[in-house]
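Subject: Structure handover, with notes

Hi,

Here is the structure I promised to pass on. My notes on it follow below; have a look at the model first.

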Amino acid sequence: MGLGSVRDAIYALRKARLGLERRRLDYGRETRERADRLSEILPATAAELRAFEREYESLEWFHDTYADRVVEIHEAGVATDTTHWRDGVTVYVVCRALGVETAVETGVLFGSFDAHILAAIVENGGGTLHSVDLPGGPPGPFEYGHLIPDRCRDRWHLHRGDAREVVPDLLERVGPVDLFLHDSDHRLPHMRFEYETALDHLEAGGVLASHDVRLSALFDRFSDTNGLESCVVCDTGIARL
C-alpha cells in the first residue's frame with residue numbers, strides 16, 4: 001500500500017470515528033451552551049452573544065432565501081448535509097461579536113458557512129469575505145456558493161485553486177484578517193498548513209475557526225501550543241489570538 005493509500009485509509013477511519021462521536025454528542029446541550037463557551041474567549045458577554053443568536057433567528061431576508069436554496073439542493077438529490085445550521089449560527093455570532101471586516105474561508109462547496117459569515121458582515125455594516133476552493137464546483141447544476149443570498153454577493157470574492165497555492169498569496173494581499181475559517185481538506189498536514197499560514201496573518205484579537213475539529217486532536221493541540229484561547233461548539237472550533 002502506497003503512502004497516499006495509507007493516508008486515505010487513516011482519514012476514512014477518522015471520519016468513521018467522527019460519525020460515532022457525533023451520535024454520542026448532545027447537540028442540544030452544545031447549542032444551549034454556545035454563548036457561555038464563546039464568552040470565555042470573545043470580547044462579549046454571554047447575554048450579548050445570546051442577543052446575536054436571537055438576531056440571527058429574526059433575519060427574514062437571510063432565512064427566506066437560504067431555506068429555499070437548501071430545498072433546491074436536496075430536491076436535486078446531490079447532497080443531504082449542506083446546511084450546517086448549528087455551526088453556521090456559531091460562526092455568525094463570532095463574526096457579529098468581533099465586528100468582522102475581513103474574513104477568509106477555505107472549502108466553499110454550496111456556501112453554507114460563506115452565507116452565514118456574509119450575513120453577519122451585512123449586519124455589521126460592511127466588510128468582505130474571500131473564499132477559496134478548487135477549480136470546478138459542487139455536484140449537480142449548482143455553482144459554488146449557491147446558498148449565499150443575493151443581498152450578500154457583492155461582499156464575496158471567490159478564488160479558485162489549490163489552497164496551498166492560493167491562501168498564502170491571498171493572505172499577504174488582504175491581511176491582516178479578523179477571521180480565518182478552515183473547512184477544506186481535513187487531512188492533518190493540510191489542516192496544519194492552513195492553521196500555521198493563517199496564524200501569521202490574523203489581526204490582533206482575530207479568530208482562527210475550523211470545522212469538523214472532532215476528526216482529530218489537532219485543533220486543540222495547535223491552540224494550546226500557540227497560546228490561543230479556544231473552545232469547541234458542536235463541530236466547530238473557535239480560537240482567538
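Is Asp185 buried, partly exposed or exposed? With a relative accessible area of 28%, Asp185 is partly exposed; buried here means under 20% relative accessible area, exposed means over 50%, and partly exposed is in between (1.4 Å probe, protein chains only).

Before the rest, some housekeeping. This is a predicted model, where local features need pLDDT of at least 70, side-chain atom pairs count only at pLDDT 80 or more, and totals for chains, interfaces and linings use all residues. Residues are numbered from 1 along each chain as its sequence is written, and side-chain values use heavy atoms, with hydrogens and water left out.

**Overall picture**

The chain has 10 helices and seven strands; helices (H or I, at least four residues) and strands (E, at least two) are DSSP runs numbered from the N terminus. Of its 241 residues, 54% are buried. The chain exposes about 10800 Å², with carbon and sulfur atoms supplying 48% of that (Shrake-Rupley method, 1.4 Å probe; for residues, only the protein chains shown count as cover). If you take contacts (heavy atoms within 4.5 Å) with a separation of 6 or more, 74% of them are between residues 24 or more positions apart.

**Salt bridges**

Back to Asp185: its partner in a salt bridge is Arg187, with the closest N and O atoms 3.4 Å apart. The criterion is a side-chain nitrogen of Lys or Arg within 4 Å of a carboxyl oxygen of Asp or Glu. Arg187 is partly exposed as well, at 28%.

The structure holds 10 salt bridges. One of them joins the side chains of Arg214 and Glu30, at 3.0 Å from N to O. Arg214 sits in the loop between E5 and H10 and Glu30 in helix H2 (residues 27-32), so this pair ties together parts 184 residues apart in sequence. Glu30 is buried at 3%, whereas Arg214 is partly exposed at 23%. Both belong to a salt-bridge network that links Arg29, Glu30, Glu33, Arg37 and Arg214.

Another one is Arg96 with Glu55, at 2.7 Å from N to O. Here Arg96 comes from helix H6 (residues 85-98) and Glu55 from helix H4 (residues 46-57), so parts 41 residues apart in sequence are tied together. Arg96 is buried, at 15%.

**Aromatics**

A search of the whole structure turns up seven aromatic pairs. The rule is that rings of Phe, Tyr and Trp (its six-membered ring) pair if their centres lie within 6.5 Å; planes under 30 degrees apart count as stacked, over 60 as edge-to-face and the rest as tilted. Phe62 and Tyr66 have ring centres 5.1 Å apart and planes at 20°, so they are stacked. Both lie in helix H5 (residues 60-75), four residues apart, which is about one turn of the helix. Phe62 is buried at 0%, and Tyr66 is also buried at 0%.

Tyr195 and Phe219 have centres 6.1 Å apart and planes at 80°, so that pair is edge-to-face. It links distant parts of the chain, with Tyr195 in helix H9 (residues 188-199) and Phe219 in helix H10 (residues 218-225), 24 residues apart.

Tyr56, Trp61, Phe62, Tyr66 and Tyr92 form one aromatic cluster. The charged end of Arg151 sits over the ring of Trp61, 4.4 Å from its centre; for this, NZ of Lys or CZ of Arg has to be within 6 Å of the ring centre and within 35 degrees of the ring normal.

**Strand E7**

What about the cover on strand E7 (residues 236-240)? Five of its five residues are buried. Thr236, Ile238 and Arg240 point one way, Gly237 and Ala239 the other. In a regular strand the side chains alternate between the two faces of the sheet.

E7 runs antiparallel to strand E5 (residues 202-211), with five bridges joining them; strands pair if DSSP finds at least two bridges between them. Strand E6 (residues 229-233) is also antiparallel to E7, again through five bridges. Glu229 itself is partly exposed, at 43%. Two residues lie between the strands in the hairpin of E6 and E7, where Cys234 takes a positive phi near 55°.

Cheers
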